Amino acid sequence: MPLKLYDTLTREVREVFPMDGKSVRFYGCGPTVYGPAHIGNFRTFVMQDVFRRVLETSGQKTYHARNVTDVDDKTIRQSLAEGVPLHEFTDRWSKYFDKDCEALNLLTPHVQPSAVAHIPEQIVLIENLITKGKAYKAEDGSVYFNVSSFEDYGRLSRLADREITTSVTERESSDEYERDSAADFALWKARRPEDGENYWESPWGQGRPGWHIECSAICMKHLGESFDLHSGGVDLVFPHHENEIAQVEATTNKTFARHWFHIAHLMVEGKKMSKSLGNLYTLEELSEQGYSPQEVRYVLLSGSYRQPLNFTFDSMKASRKAMSKLRDFATRFNFIPTTGSTLETEFGPFQPVQEALLSDLSTPEALGRCFSLVRELSEAYEKGEYEGRQDALSEVRRGFQATCDALGLIVEAKKEDVEEIPADIANLAEKRWNAKLSKDWAMADLLRNELLELGWVVKDGKETFEITRSSE
Ligand code: AMP
Ligand code: ZN
């Protein structure tokens, strides 16, 4: 069964398949590394990870590219404010991001190109656009994309539906602009005093690339002129992805990405979780409040990616309970999770979970089905239906592993609370055992009572004894 997924461009749920018949090649816009990513950002990264996991657990190979935005208005501003060289500053936050990704059990992309490492590719793409008459140099040495030269501009974000004309030539030099206007946008930004020493040489003079051209050049280099799927949070539909399409398709005359996957926002009290609003939570902050990354991941999976998801501490508590139930199941079935790149593909009794995921990545439905199965299988186990049926038990374990792999959850069996036995108690118990061996029953009983008074119970086996805390 193939994965069916909503496509922002056609507004339809469509099958995802590899155009080369081998591997689904996809791109996810990566983090802007100027501070810790918040869990809103991670909603998007977790859903991209689930997309890849669902494909892989259904036997489909993937090739995943995710960039690191290490030069833009924000990284430059912040590094200058801290008085740290840009590369040192972005390197620090990039490493921090990797650490968070690992904690959240995100698969490492096959390639993670950085913007700064691809300046020559971006310059070549801009030169191409100028040669084709799609871009022009402004008086200050900046280069702009000529939006009116690209007929399809606005197709992804349906600009035309909002009756906005592309004939006005306004210019937009900031990387992220709010207005739904078809303004000519910057491909290359001429050096400005506020950028400090952060500039590169180019055919148009010193400057730096704009944000949109970075992703386009990286996609073309690592995935080709045409590839299977492109993705990000919904805030990237306009202008970022609209501009990416324009830059590439105006150059190649080919379809850039065949499928567009956008993830709705994580919200706090009706507002998008974002740095600018200051209403964000990071993994570190949540861990200080006692919540594990796996519990955060569970919360992020609890809503459909097509709908905004409201973050609350009640949902964190519910997630903790849910994870605990999964751990009970793992304990009962003696399940030991395997992690790493080998993805198990036998869902067995957990097939309904896989079906929900293949149907437009319905994570809430998949979790609901997973819990129904966990309940049913546990009841059957308690009734003794698995006694002496090793094969059936293994099938359940394999199916549960496949479910965990597809959702990226790590579920470990609960460890019994083994209390350490104090040395004096252990000595007394040893003495009693020896008394018993030498058939000194009176001494053995005396010592047993002494231990009982101290709160410990001795139970004798054939070869040795066991000592546990008394229940009173
Ligand atoms: P940034 O680091 O700002 O470039 O964003 C990284 C990714 O997080 C992008 O795909 C954004 O669209 C996405 N994103 C930002 N805020 C949220 C949010 N509140 N909920 C979901 N995704 C978000
Ligand atoms: Zn991008």
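In this predicted model, strands S3 and S4 pair in the parallel sense, and 6 bridges connect them.

The pairing of S3 with S4 belongs to an open sheet of 4 strands, whose order is S4-S3-S10-S11 and whose pairing is parallel. Strand S4 (61–66) and strand S11 (260–263) stand at the edges and have a single partner strand each, so that one side of each is left without a neighbour in the sheet. On average, and with direction ignored, neighbouring strands of this sheet are turned by 20 degrees against each other. In general, the strands of a sheet are held in pairs through backbone hydrogen bonds, in either a parallel or an antiparallel manner. Strand S10, which comprises residues 229–233, runs parallel to S11 and is joined to it by 4 bridges, and here Ser 231 stands opposite Phe 261 in S11. Helix H1 (residues 39–57) lies across strand S3 (23–28) and also across S4, S10 and S11, and its direction makes an angle of about 135 degrees with S11.

A second open sheet is formed by 3 strands in the order S13-S12-S14, and in this case the pairing is mixed. Its edge strands are strand S13 (271–272) and strand S14 (309–310), each of which pairs on one side only. Strand S12, made up of residues 266–268, runs antiparallel to S13 and is joined to it by 2 bridges; within this pairing, Met 267 has Lys 272 in S13 as its bridge partner.

The zinc ion (ligand 2) is coordinated by three residues of the chain, namely Cys 29 through SG, Cys 215 through SG and His 240 through NE2, at 2.0 to 2.2 Å. Along the sequence, the spacing of these donor residues is C-x185-C-x24-H. Cys 215 in helix H5 (residues 211–222) and His 240 in helix H6 (residues 237–252) are 25 residues apart, and this pair links distant parts of the chain. Cys 215 has a relative accessibility of 1% and therefore counts as buried, and His 240, with a relative accessibility of 0%, likewise counts as buried.

Contacts between helices are illustrated by helix H2 (residues 73–82) and helix H3 (residues 86–103), whose axes come within 9 Å and cross at roughly 105 degrees. Because angles of 65 to 115 degrees count as roughly perpendicular, H2 and H3 are roughly perpendicular to each other. On the side of H2, the contact involves Thr 75, Ile 76, Gln 78, Ser 79 and Glu 82, which meet Leu 86, Phe 89, Thr 90 and Arg 92 in H3. When these residues are sorted by class, the contact of H2 with H3 has 3 nonpolar, 4 polar and 2 charged residues.

Finally, Ser 287 is placed in helix H7, which spans residues 283–288. With a relative accessible area of 42%, Ser 287 is partly exposed. Ser 287 and Glu 412 are 125 residues apart in sequence, while their C-alpha atoms are 19 Å apart in space.

Terms used:
Residues are numbered from 1 along each chain as its sequence is written. Chains are lettered from A and ligands numbered from 1 in the order in which they are written. This is a predicted model: local features need pLDDT of at least 70, side-chain atom pairs count only at pLDDT 80 or more; totals for chains, interfaces and linings use all residues. Side-chain values use heavy atoms; hydrogens and water are left out. Two strands pair if DSSP finds at least two bridges between them. Axes are lines fitted to C-alpha atoms, for helices over the stretch in contact, and angles run from 0 to 180 degrees between N-to-C directions. Contact means heavy atoms within 4.5 Å. Donors are N, O and S atoms within 2.8 Å of the metal (3.2 Å for Na, K and Ca); water is not among the atoms, so sites may look incomplete. Buried means under 20% relative accessible area, exposed over 50%, partly exposed in between (1.4 Å probe, protein chains only). Angles under 35 degrees count as roughly parallel, over 145 as roughly antiparallel, 65 to 115 as roughly perpendicular and the rest as oblique. Ala, Val, Leu, Ile, Met, Phe, Trp, Tyr, Cys and Pro count as nonpolar, Asp, Glu, Lys and Arg as charged, and the others, Gly among them, as polar.
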